[in-house]
Amino acid sequence: MLQKSIEDALNKQIRIEAESSQVYLSMACWAEIHGFEGIARFMYLQSDEERMHMLKLVKYVNERGGHALITDLKMPQTTFDTFQQMFEALYKHELFVSHSINELVHLTFEGRDYATHNFLQWYVAEQIEEEAQAKSILDKINMIGDDKGGLYLFDRDILQITNKNNTSGNP
């Protein structure tokens, strides 16, 4: 059985994960209309992944006797001046999500809810990967600068990576 304070915090994280999915989806749309198929595909896949993170939390809350709440979401940013700005926003968002997960882990530790604490360790590890990936991509975008050819090659490279990692047939 979940403590009310932990259930509330998990529901807050459910909303954050849903908003993360929307952030990636919005970025996918922006990249797609600017002709960057690889970046768009990467963002679509990441959006799906974030939704799965949300669903994992939903199932956990419900299975532990709580009630997962699906709430309204903040509209994500829909336009960007540059790809660099988009990836900077993405990196900052991943840092925010990491902070939120860490606060949640701390709450479960203080509340002696070791089952939830253990459950959240997967999210801690996942956020390490998400941050590193966002930072690595941002570093590459920063190296490319204003070089249109470099951005084209980057888009092709990220398309190759997503094609290898996407066996589900998603966009």
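**Close-up views of helix packing in a predicted model**

View 1. The structure shown here is a predicted model. The axes of helix H2 (residues 37-63) and helix H3 (residues 83-110) come within 14 Å of each other and cross at roughly 15°. Because angles under 35 degrees count as roughly parallel, H2 is roughly parallel to H3. On the H2 side, the residues in contact are Ile 39, Met 43 and Glu 50. On the H3 side, they are Phe 83, Met 86, Phe 87, Leu 90 and Glu 94. By class, the residues of this contact of H2 with H3 comprise 6 nonpolar, no polar and 2 charged.

**View 2. Helix H2 also meets helix H4 (residues 114-144).** Here the two axes come within 12 Å and cross at roughly 170°. This angle makes H2 roughly antiparallel to H4. H2 contributes Phe 42, Gln 46, Glu 49, Glu 50, His 53, Lys 56, Leu 57 and Tyr 60 to the contact. The residues that they meet in H4 include Ala 115, Phe 119, Trp 122, Tyr 123 and Ile 137. The residues of the contact of H2 with H4 divide into 9 nonpolar, 4 polar and 5 charged. Glu 50 of H2 takes part in the contact with H3 and in the contact with H4.

**View 3. Helices H1 and H3 lie roughly antiparallel to each other.** The axes of H1 and H3 come within 11 Å and cross at roughly 170°. The crossing of this pair is left-handed. The contact of H1 with H3 has 18 nonpolar, 6 polar and 2 charged residues.

**View 4. The rings of Trp 30 and Phe 80 form an aromatic pair.** The structure holds 8 aromatic pairs. In the pair shown, the ring centres are 5.6 Å apart and the planes stand at 80°, so the arrangement is edge-to-face. Trp 30 belongs to helix H1 (residues 4-33), whereas Phe 80 lies in the loop between H2 and H3; the pair therefore ties together parts that are 50 residues apart in sequence.

View 5. The 27 residues of H2 should span 39 Å at 1.5 Å a residue, and the end C-alpha atoms of H2 are 39 Å apart, which agrees. H3 has 28 residues and reaches 41 Å from its first C-alpha to its last, close to the expected 40 Å.

Note on methods
Residues numbered from 1 in each chain as written. Predicted model: local features only at pLDDT ≥ 70, side-chain atom pairs only at ≥ 80, totals over all residues. Heavy atoms only, no water. Axes fitted to C-alpha atoms, helices over the stretch in contact; angles between N-to-C directions. Helix = DSSP H or I, 4+ residues; strand = E, 2+ residues; numbered from the N terminus. Parallel < 35°, antiparallel > 145°, perpendicular 65-115°, else oblique. Contact = heavy atoms within 4.5 Å. Nonpolar A, V, L, I, M, F, W, Y, C, P; charged D, E, K, R; others polar. Expected span 1.5 Å × (residues − 1). Phe/Tyr/Trp six-rings, centres within 6.5 Å; stacked < 30°, edge-to-face > 60°. Left-handed = near helix turned anticlockwise from the far one by under 90°.
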